[in-house]
Amino acid sequence: MTTTADDPNAELNAKRGFIARSWAFLLELWQVLTRPSSVFALGTLVLAGFVAGVIFWGGFNTALEITNTEKFCTGCHEMKDNVYAELKSTIHFSNRSGVRATCPDCHVPHNWTDKIARKMQASKEVWGKIFGTIDTREKFQDHRLELAAHEWARFKANDSLECRNCHSADSMDITKQSPRASVAHQRFLFTKEKTCIDCHKGIAHQLPDMRGVPGWQ
Amino acid sequence: MMKRSAIILLAVAIAAGTGSLTAQTVTSGLRGPTPLNDEGPAPPMLPNRNTSEKEVRNYPEQPPVIPHNIDGYQVDLNGNKCLSCHARARTAESQAPMVSITHFMDRDGQFLASVSPRRFFCTECHVPQNTANLPVSNDFTDVDTLLSRASRGGRR
């Protein structure tokens, strides 16, 4: 192992470019990492690795949970002034029993792999935020159809999974529903002919221009 | 002397009149005992009739009433939730009554291919019905009742 003090090529080293020096550093790091430790006991290394793992994993999940709150979502005025404001007058925000859906209940899958996939997809929204893609009401209205179409496609593809996280077809008591709802659910939901989003578009946010959307005029 | 007593009498009469007016609480059937310059408590809101069964029209030209809830139904430039069931092409699936053909007519009586813009906003004429009792009784008699009265020149 060489140190820079007694390295005869120290002067030469300093003259080399940044990329060459970085490469040399990485090479040395790799050599250190791949050799067995001669200083720390195996137990120490295992314990340190375990503690570091707990801290890393805990931190990662905490950060993930923070990004999965309504407070985080409505931290941007794009969400607060448009979609969140629209949600407030709907039954998913205020209703007789006081149970309500927050943004991630409908817009983020609940199981882990799908959630991570969605989070990675959502990194594009950071781009949109930085470049102000929907930073005014007018721009938001212009993009509304595109944004809504993404969500409809997602719900259609996963058989309205985020609806069904709360609204289970098995637990649905159709005798408690209005005659119209009970007939429709028996004909289309129970037969799996349609999924929730096919009929229940625009229940939490205002609709975009619906011309050309199936089932709409 | 005569004039002075007349003035006093008038003053007493006015005072008595205003006194009796202020003491009086005006009770109207609709607004209850709330004084006229106050606003009384609002009565509780009642649910809509939600039977989904067609209701009889009170007179031939009455726009049919909506026998179901329409809470949160969006009807604006972007879309018309009502037409998701009541449009001609949707009625087979929904089994809902189709919007009448008069809704396809423009002002000159020409038929358009779809619902005319002036007939697009359903709730301008069609409204859901509440379960509240009538605050004022209604003695409206429909035309069929009038026709069926046995009278000269009338239908027997």
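**Helix packing and the chain interface**

Me: Which hand does the crossing of α3(A) and α7(A) have, left or right?
Reply: In this predicted model, helices α3(A) and α7(A) cross in the left-handed sense.

Me: And at what angle do the axes of those two, α3 and α7 of chain A, cross?
Reply: Helix α3 of chain A, residues 42–66, and helix α7 of chain A, residues 112–121, have axes that come within 12 Å and cross at roughly 65°. That angle makes α3(A) roughly perpendicular to α7(A).

Me: Which residues make the contact?
Reply: On the α3(A) side the contact is made by A:Trp57, A:Phe60, A:Asn61, A:Leu64 and A:Glu65, and on the α7(A) side by A:Trp112, A:Lys115, A:Ile116 and A:Lys119. Sorted by class, the contact of α3(A) with α7(A) comprises five nonpolar, one polar and three charged residues.

Me: OK, staying with α7(A), how do its axis and that of α8 cross?
Reply: Helix α8 of chain A covers residues 123–130, and its axis and that of α7(A) come within 4 Å, crossing at roughly 25°. The two helices, α7(A) and α8(A), are therefore roughly parallel to each other.

Me: What meets what there, between α7(A) and α8(A)?
Reply: From α7(A), the residues A:Arg118, A:Lys119, A:Met120 and A:Gln121 meet A:Ser123, A:Lys124 and A:Glu125 of α8(A). The residues of this contact divide into one nonpolar, two polar and four charged.

Me: What about α5 and α9 of chain A, at what angle do they pack?
Reply: Helix α5 (residues 77–87) and helix α9 (residues 137–157), both of chain A, pack at about 65° with their axes 10 Å apart, and α5(A) and α9(A) are therefore roughly perpendicular to each other. In α5(A), A:Asp81, A:Asn82, A:Val83 and A:Glu86 meet A:Arg137, A:Phe140 and A:Arg144 in α9(A), a set that divides into two nonpolar, one polar and four charged residues.

Me: Switching topic, how many salt bridges are there over all chains?
Reply: A search of the whole structure finds 16 of them over all chains. One is formed by the side chains of A:Glu70 and A:Arg100, at 2.6 Å from N to O. Here A:Glu70 sits in helix α4 of chain A (residues 70–73) and A:Arg100 in the loop between α5 and α6 (103–107) of chain A, so the pair ties together parts that are 30 residues apart in sequence.

Me: How many does the rule find across the interface of chain A and chain B?
Reply: Across that interface the rule finds one salt bridge. A:Lys194 pairs with B:Glu93 in a salt bridge whose closest N and O atoms are 3.6 Å apart.

Me: And what area is buried between chain A and chain B?
Reply: The buried area is about 1,400 Å², of which carbon and sulfur atoms give 44%. A:Arg180, A:Trp216 and A:Gln217 supply 42% of what chain A buries against chain B, more than any other three residues.

Me: How many residues does the contact take from each of chain A and chain B?
Reply: Chain A gives 16 residues to the contact and chain B gives 18.

How values were computed: Residues numbered from 1 in each chain as written. Chains lettered and ligands numbered in written order. Predicted model: local features only at pLDDT ≥ 70, side-chain atom pairs only at ≥ 80, totals over all residues. Heavy atoms only, no water. Axes fitted to C-alpha atoms, helices over the stretch in contact; angles between N-to-C directions. Parallel < 35°, antiparallel > 145°, perpendicular 65-115°, else oblique. Left-handed = near helix turned anticlockwise from the far one by under 90°. Contact = heavy atoms within 4.5 Å. Nonpolar A, V, L, I, M, F, W, Y, C, P; charged D, E, K, R; others polar. Buried area = accessible area lost by both parts, 1.4 Å probe. Salt bridge = Lys/Arg side-chain N within 4 Å of Asp/Glu carboxyl O.
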